Amino acid sequence: MKILKIAFENINSLRGKHEIDFTKEPFKTNALFAITGPTGSGKSTILDVIALALFNQVPRLGRITRNEILSKGAILTRNQKEAKAAVTYSCKSGKYISTWSISTNRNENLRDYEMDLANADTGALFDLKKSDIPSKNEELIGLNYNQFIKSVLLAQGEFAQFLQAKKDERGALLEKITGTGIYRRLGQLAYEKYKLENQEIKTQQDTITIKTNELLDPEISKKYKEELSNHEQSITPLEREIETLQQKITLKEAIFRQEKDIASAEEKREKEGQNLFFFDKNQGISLKNHQKMEPFAQQITQWDQHRERQSELHLEEKENTENAKKLAENKKTLESEILQVIKKETAPQNIPSALQEFAAKVGTLQQERQEKRSAHSALKEQFESTVRTAGFSLSNNIESDLIELKNRLKQAENSLNTLKINLKKVDLSLIELEKRRLRDTIKSLGSAVALQEKIEVSAEALKKIQTEQEALAKQLEILPKEIEISTANKLRYKAEQERLKTQQENERMRASHKKQREHLENGQPCPLCGALEHPFAVELPATATNLQETLAQAEKSYTLWNKKTIQQQTQLERAQNDKARLVGEQEIQQKELNNLDISLKEQLRDLDLGAPSYWQRKMENTGHELENLELYEKEKRFYDALSEGYPLLEKMQKIISAGKELTSKIDALYTGSDIYKDTQALLNRWISLDENTKNVQAKGREIQQKLTKISQNLEKMVLNLLPQINKLDFETIAAAKAVLLDHSTYDRLRAERENLNQRIRNQTATLKTLQEQLLKNKEEDTPLNEEDLQENLKKTKEKLAELRQKCENLKRQLKNDAERIETIANLKTKISQKEEEIKRWRLLNELIGDANGKTFNEFAQHLTLTQLLRLANTRLKDLSDRYRLDTPEDNEDDSLVAIDEHMGGQRRSVKTLSGGETFILSLSMALALSDLASRNVAINSLFIDEGFGTLDPETLDQTLDTLERLQAASSKTIGIISHVDSLKERIATQIQLKRNGQGYSSLSIK
């Protein structure tokens, strides 16, 4: 993965639009660059832009939302309305542009952020929600957010703390730096999983204990089974006795119900006979008359239908006569309306042609008026196009427009005459040539003024360089003497330090013989020197109690003078470099000044301008002359446009007059909106009325024919039917029709009488059956009354219930005992199965599990630390051949150990290292982490944060040499963030940030 370009707008203190393209110069040639600037100028903002555009997160704030920006005042530059961050990067699958943006709405309220991702080659956008874009970038790059900021952004602060931390603290820091906290969680999960699975077994074992305690004693269980068997044998005789008693009681109840049903059946049969009597009395005559006339029902119905149809035809005839009368009246009214429209008398048969002639006449006049309107529109469009440059617009009054146009022409003519007076020196027939001549003069004057200003600035810069050279000369004279003094003091305190260390070592040796001196005896030889007298055995010589303090003071003084010597040497080297730089700058500045003088003389060669004080005034006068010429050109276009428009406006006036005359003629004939539509409507109404009149006359003739036919049919039917019904005592057909019942009434009455007869027969059969059953039941009846039978049944049932309750109690206890035995067996089976299932969890818990996840985490951290130290030592070889990192042994301090190869492999705690040495080790650890995080992804962009200020010049040069070799070997783009001056001088390519005041900064690329 490689970052190709960064573009952003209004992010933090960097207001406005900025772009850093790493594919172009100077980055294309020099891929090792520095990001420099004072504290708070926005160096880290460049890194924020990268993380924000890719993942909507920044290292200092985390995930960015609208509320985060509002509450913390971050990201969006103060007083700005929108911000944007875009990163173009390349990876295995291609080139992509990821963009983050936010803006305010019209009410100055901040909208929510937006993100999009596009293919850099085709410009095609990915169809993704903004919340899915960070994960898509993660998929394309191959690194998540935490891996990205640890492999692309290398911050030494965490590693300096990591190097000196104790074991427990180091594990926490390593977990934070590498993001390996998952191993701690895995250990906790293994412990929790085993605890959860094992808890189920414990619960089941507790249940087995409870169930076992609840089991019946075997003797009691046997006793309960025998009692149950005896009780069950006694139940059967009681059940048979109860069944017999219930049958006898049921028979008593059946006899009683049958006697009651017989009485009820006799009553119902009598009632149904009465209903039949009343039916025959009320409905019988109608039913008989209908049955008598039923053979003639069809002929009587046809006769009645013909009579009804005859009446209907008489009504239709009357209605048709009225319609014919109305149509005649409507036609007369329409004829009057048409004659009023066409405004002349016309025979009814000529009305259609008269309407068409009238419509053609009015249509011709309307067409002529439309042509006038079209001509007016064309002239109006031509006029407006002609006078558009003059800013003239038409009103609703053409006469007033003509007067206004004439006045404007006069004003334009006066303005042109005035401008001609002011442009006497200009040839107005060659306006473009004159404008070019005046512009060239102004340009030459402007160039001369600009060159004169550059000459003054260059002279001032040259003067400033000379002043700096004088100051440097004094500094170069003083510094060697100061270095000589500092070096002498450093050497003096170094010698003093060595002398005091020797003295201190002697004191330690004397102290080591203290116990031996205590055991010396006079007359006995000393085991070390052989002397027989031991003067110090009793009274030891006094030791220097302030030796340690003196040595510490000497070391402090040596460190102070050594540091001062290095600073002075650095200042001397910087001053010498500055001197060489100023000499080069002086030559360049002097050369630039000479070139500017030559350019100014060349510029003034063809101009007679006089002193420089008159150049500006001459340029202003020429500018005024050019403005007047351009104004004359504008006024001339204005006058020409109005002159061309005036005759067009006169033509428009004539067309408007002719149009008004045509409108008067049309209004005298017709005031509607569509003559053809209106005349056609009148013609359609006339034709419709004419056709309706013909239809009514034809219908009248048809009705008359139908009336004649139906009257003849009625007469035949009466002659045939009347003699037959007279024989049945009916004088007229109408009287015979009156006794006929409709089919539903006849069917209902007949069915009702049949139903009454059927119910009487049914009641008679029911009564006979009941009497036979009653006789049979009385023969089987017992002499005991029902009360005695009920009492015997009650006592027997109570005895049976008591026996059944005892059986149920015994069965329940035996069943519960059996269920407990079965439950215990099932639980034991489940425990056995569960024990087999959780073997892996038990084993996993034994290997990596504990409540805090410490066991597995420490194992994983040890592996990670071993790999990280291996990669770090590989990087450290390039930075320094002196040290090699290792983990502490049991008898050593908890912090990491530096193995000093220059001291025969001596192991030292990293706490004893200087600040520069700590930085070298931290940088190697940071590069190792980048290697570790990017082992599956090629990382070709690195940004290394602060830390170079702790290095001495030699180590700084060595570190930069290593980074340059790393860049050359891997083609990586490496950015170093720092404000160390010597680093700025060493690295030519720089992204420079400067504070401009009011909280804003500027960005430039050098």
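Leaving aside neighbours within four places in sequence, Trp100 is in contact with Leu52, Ala53, Asn56, Ile64, Ile69, Ile75, Ala83, Lys84, Ala85, Tyr113, Glu114 and Met115, where contact means heavy atoms within 4.5 Å. The model is predicted, so to speak of local features requires pLDDT of at least 70 and side-chain atom pairs count only at pLDDT 80 or more, whereas totals for chains, interfaces and linings use all residues. Residues are numbered from 1 along each chain as its sequence is written, and side-chain values rest on heavy atoms, with hydrogens and water left out.

Trp100 also belongs to the largest nonpolar core, which holds 83 residues; together with Tyr89 and Phe148, Trp100 touches the most other members. A nonpolar core is here a set of buried Ala, Val, Leu, Ile, Met, Phe, Trp, Tyr and Cys residues joined through side-chain atoms within 4.5 Å. Buried stands for under 20% relative accessible area, exposed for over 50%, and partly exposed for values in between (1.4 Å probe, protein chains only). Helix H1 (residues 43-55) gives the most to this core, with 9 residues. Another core, of 18 residues, lies apart from it and includes Leu339, Ala359, Val362 and Val696.

Turning to the chain as a whole, 24 helices and 16 strands are found; helices (H or I, at least four residues) and strands (E, at least two) are DSSP runs, numbered from the N terminus. Of the 1006 residues in the chain, 35% are buried. Among contacts with a separation of 6 or more, 73% join residues 24 or more positions apart. The chain exposes about 61900 Å², of which carbon and sulfur atoms supply 49%, as given by the Shrake-Rupley method with a 1.4 Å probe; for residues, only the protein chains shown count as cover.

E10 pairs with strand E11 (residues 897-900) in the antiparallel sense over 4 bridges, and Asp886 has Val897 of E11 as its bridge partner.

Asn873, in helix H21 (residues 854-879), is buried, with a relative accessible area of 15%. Not counting residues up to four places away in sequence, Asn873 touches Arg884 and Leu885.

Notes. Two strands pair if DSSP finds at least two bridges between them.
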